[in-house]
Amino acid sequence: MNQLPLTEDTVIIGLLALCLGFVFYTSSKSTGFWSKFYKIVPGVLMCYLLPAVLTSSGLVSEADSNLYYIASRYLLPAALILMTLSIDLKAIANLGSKALIMFFTGTVGIIIGGPLAILIVSIFSPETVGGAGFDAVWRGLTTIAGSWIGGSANQAAMLEIFQYNQDKYGGMVLIDIVVANVWMAVVLFGIGKSKKIDTWLQADTSSIEVLKEKVKAHTEKITRVPTLHDFIMLFFFAFFGVGLSHFFGNSIAQFLEDNFEIIRNKEKILSSLSSTFLWMVVVATAFGILLSFTKAKNYEGAGASKIGRLFVYILVATIGMKMDLGKVLENPGLIAIGFAWIIIHALLLIVVAKLIKAPYFFLAVGSQANVGGAASAPIVAAEFHPSLTSVGILLAVFGYVVGTVGAYLCAILMEVAATM
């Protein structure tokens with residue numbers, strides 16, 4: 001009999017399937033307790049939190065699991081392809097400039113949030129933001145800035161540039177995971193209240209609704225009972241595309257790293273372009289968009305985006321499994337910096353959204369394109385509507401591009417703040 005924690009992925013995937021099945025079964029109830037419960041708590045949030053409980057309780061060991069890697073490297077690109085093969089680029093362009101404004105607002109929120117968080121926490125606990133030389137806390141926080149604006153490649157670049165003591169680096173990774181995941185939970189919770197939030201923001205959601213209705217009308221027109229032929233073709237589109245995205249993603253990243261010193265040198269701003277994950281996402285998205293110009297677009301009627309969303313929910317569960325709720329208060333000082341930082345990011349987004357009357361959709365996806373990147377921005381976007389997935393993908397790609405630049409600016413400001 002297996003001892004706890006469970007480490008076998010064949011067993012853990014069964015538990016994740018149990019979590020997803022439980023959520024979808026209970027959320028389908030139209031009356032009773034569960035009906036009232038899901039009016040308050042979005043189902044996708046539960047799909048995220050239940051796996052977190054498995055990790056936090058010690059039932060499973062996320063550290064010994066490869067499920068997140070499999071979901072993010074295989075199921076994510078497959079989902080991106082299936083959810084973009086029916087994309088309407090013209091309709092997305094008609095969404096206007098507010099998506100970009102909110103994305104860059106989120107970026108600015110991270111850049112100024114770091115130094116402001118240091119100043120705030122230093123008032124109550126100056127030792128928390130101290131340290132000398134390569135042990136200086138601000139050096140470690142630069143890695144979080146890299147992660148929250150771009151992703152893991154940008155995070156690694158910041159570690160190389162500012163040479164934070166790697167023996168203490170695990171604490172910064174903990175802040176990154178805990179705070180980013182708690183914030184994602186808040187964003188997902190807000191989706192269930194998006195209509196009320198949009199009313200408060202006085203947001204114009206007409207362009208989003210037009211896109212939703214256009215996709216809905218097209219889907220209803222081509223909807224059919226899927227056959228084995230349809231499923232095989234969808235399997236072909238998805239996983240042939242996954243193969244292409246990995247092949248070209250690895251090749252592009254390797255080519256850039258081999259031929260350009262500015263990318264090969266981790267201390268350079270453009271080093272994040274050597275990320276194979278970035279190019280995997282770009283190629284998968286490009287393949288899906290390419291399919292949208294062919295008759296493959298009609299496979300949306302056979303359930304392409306539904307299968308894509310299934311893959312996304314599996315990814316959500318594996319992301320949730322990375323969050324250990326018991327470690328939230330393990331290092332209260334540093335965690336306080338992280339939460340102060342993300343609150344500043346959130347407040348700036350809310351203020352700008354209110355000023356330009358941007359819908360909550362743009363606020364949520366603009367934030368996650370920064371903080372969560374390509375792994376979570378499409379999840380949040382798809383939760384509003386599958387037709388909006390590509391908006392999350394495109395903004396997440398912007399995050400990779402500006403990640404190291406933004407993180408470097410944030411690092412300079414945090415060094416100043418830490419020495420004040």
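Mentor: A helix is a DSSP run of H or I with at least four residues, a strand is a run of E with at least two, and both are numbered from the N terminus. The model before us is predicted: local features need pLDDT of at least 70, side-chain atom pairs count only at pLDDT 80 or more, and totals for chains, interfaces and linings use all residues. Residues are numbered from 1 along each chain as its sequence is written, and side-chain values use heavy atoms, without hydrogens and water.

Trainee: Is Q202 buried or exposed?
Mentor: Q202 sits in the loop between α10 (194–201) and α11 (206–222). Although Q202 is not a glycine, its phi is positive, about 55°. Buried means under 20% relative accessible area, exposed over 50%, and partly exposed in between, with a 1.4 Å probe and protein chains only. The relative accessibility of Q202 is 51%, so this residue counts as exposed.

Trainee: In which loop is K357 found?
Mentor: K357 is another residue other than glycine with a positive phi, near 55°. Its relative accessibility is 40%, so K357 counts as partly exposed. The loop that holds K357 is the one between α16 and α17 (360–371).

Trainee: What distance separates the C-alpha atoms of S97 and A358?
Mentor: S97 belongs to the loop between α5 (89–93) and α6, and is partly exposed, with a relative accessible area of 47%. Along the chain, S97 and A358 are 261 residues apart.

Trainee: Are α6 and α7 roughly parallel or roughly antiparallel to each other?
Mentor: Helix α6 (residues 98–124) and helix α7 (residues 137–149) pack at an angle of about 160°, with axes 10 Å apart. Axes are lines fitted to C-alpha atoms, for helices over the stretch in contact, and angles run from 0 to 180 degrees between N-to-C directions. Angles under 35 degrees count as roughly parallel, over 145 as roughly antiparallel, 65 to 115 as roughly perpendicular and the rest as oblique. The two helices are therefore roughly antiparallel.

Trainee: Which residues of α7 does α6 meet?
Mentor: Contact means heavy atoms within 4.5 Å. From α6, the residues taking part are T107, I110, I111 and I118, and they meet in α7 W138, L141, A145, W148 and I149.

Trainee: How many charged residues has the contact of α6 with α16?
Mentor: The axes of α6 and helix α16 (residues 332–356) come within 7 Å and cross at roughly 145°. By class, Ala, Val, Leu, Ile, Met, Phe, Trp, Tyr, Cys and Pro count as nonpolar, Asp, Glu, Lys and Arg as charged, and the others, Gly among them, as polar. The contact of α6 with α16 has 19 nonpolar and seven polar residues, while the number of charged residues is one.

Trainee: What is the separation of the C-alpha atoms of L291 and I342?
Mentor: L291, in helix α14 (residues 276–291), is buried, with a relative accessible area of 9%. Leaving out residues up to four places away in sequence, L291 touches I81, L85, F237, A296 and K297. L291 and I342 are 51 residues apart along the chain, and their C-alpha atoms are separated by 38 Å.
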